[in-house]
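Please keep the sequence and the model in view while reading.

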Amino acid sequence: MSAMPAHELHGPILTWYSRHGRALPWRSEERTPWGVLVSEVMLQQTPVARMQPVWEAWLRRWPRPADLAAASPADAIRAWGRLGYPRRALNLHRAATAIVQRHGGDVPRGHADLLALPGVGEYTAAAVASFAFGDRHPILDTNVRRVLARLHTGQALPGPSLTAAERRLATQLLPDAPATAATWGVATMELGALICTARTPRCPDCPVRQQCRWRATGHPPYAGPPRRPQRYAGTDRQIRGLLLAALREADGSVTAADLTAATPDSALRDPRQRTRCLAGLVADGLVEPLPEDRFRLPAATGQ
């Protein structure tokens, strides 16, 4: 996977972003490293329109890591609402606690320190180091991978797993100046989110359409491993969501009968699904079992 000259891409994409990039609060001059970290965790598999109101409420309530660390995990899970994948809420609470304990309450700048935080992976660590602190790191989320696949390999979509070749390509394309590299990262993400979308790309509006190998070869369809559409109805994810919704809405603990009522048999794909999902929530630390067959959201240590 050889890279075309970077200068052919930097100018058009950076100029396009300066004119068309969305004015999102976690990109503003007033952004904080903590706000950037929260945004990156919340945006995982969640569109901006759903995530932004929750992010704004979260930052009003917990503007610093110490504020969230002082709250209970149950508070974080309730505030997460229906964003989905609620382990992210628990991971943010754990990350806030680690930031207070290891870094004096300030989000660390170093990539290795960020990567050591609970729930922070390779992409999130690079994104926070870049977008919050202006450091030079290649950014490779789903949108960027799709943009680079189309531009450089002529593939409609990247493969299911990030490859070493993709990392090398992203590093080769990274501008030398850290501040410009940080803008490049968010600009390529935005290009993938708004123009070079997965299903209905707006190729006539693309600033680098003339350099795009996918366009030049007639937009060949994806030919990689099958991509199965994600279902929701009847899945364990839905049943877990129903169980957590019942616990979020309760004032205190609930009974096993309450959880059965929240997940009627008609919603289940098999008779053991409710028990399996509840056990999974307990194992993930999202639900705390109590005596007498009762359950609650996890309380703070010592409660």
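A residue is called buried when its relative accessible area is under 20%, exposed when over 50%, and partly exposed in between, with a 1.4 Å probe and protein chains only. The model is predicted, so local features need pLDDT of at least 70 and side-chain atom pairs count only at pLDDT 80 or more, while totals for chains, interfaces and linings use all residues. Residues are numbered from 1 along each chain as its sequence is written, and side-chain values use heavy atoms, with hydrogens and water left out.

**Cysteines**

| Cysteine | Relative accessibility | Class |
|---|---|---|
| Cys203 | 17% | buried |
| Cys212 | 10% | buried |

A disulfide is taken as a pair of cysteine sulfur atoms within 2.5 Å, and by this rule the count is zero. The closest cysteine sulfur to that of Cys203 belongs to Cys212, and at 6.4 Å it is too far for a bond.

**Helix 8**

Helices are DSSP runs (H or I, at least four residues), numbered from the N terminus. Helix 8, residues 122-131, is mostly covered, with eight of its ten residues buried, among them Val128 and Phe131. Taking contact as heavy atoms within 4.5 Å, the cover of these buried residues includes helix 2 (33-42), helix 7 (111-115) and helix 11 (178-194). Where helix 8 meets helix 11, Tyr123, Ser130 and Phe131 in helix 8 touch Ala182, Gly185, Val186 and Met189 in helix 11.

Conventions
Helix = DSSP H or I, 4+ residues; strand = E, 2+ residues; numbered from the N terminus.
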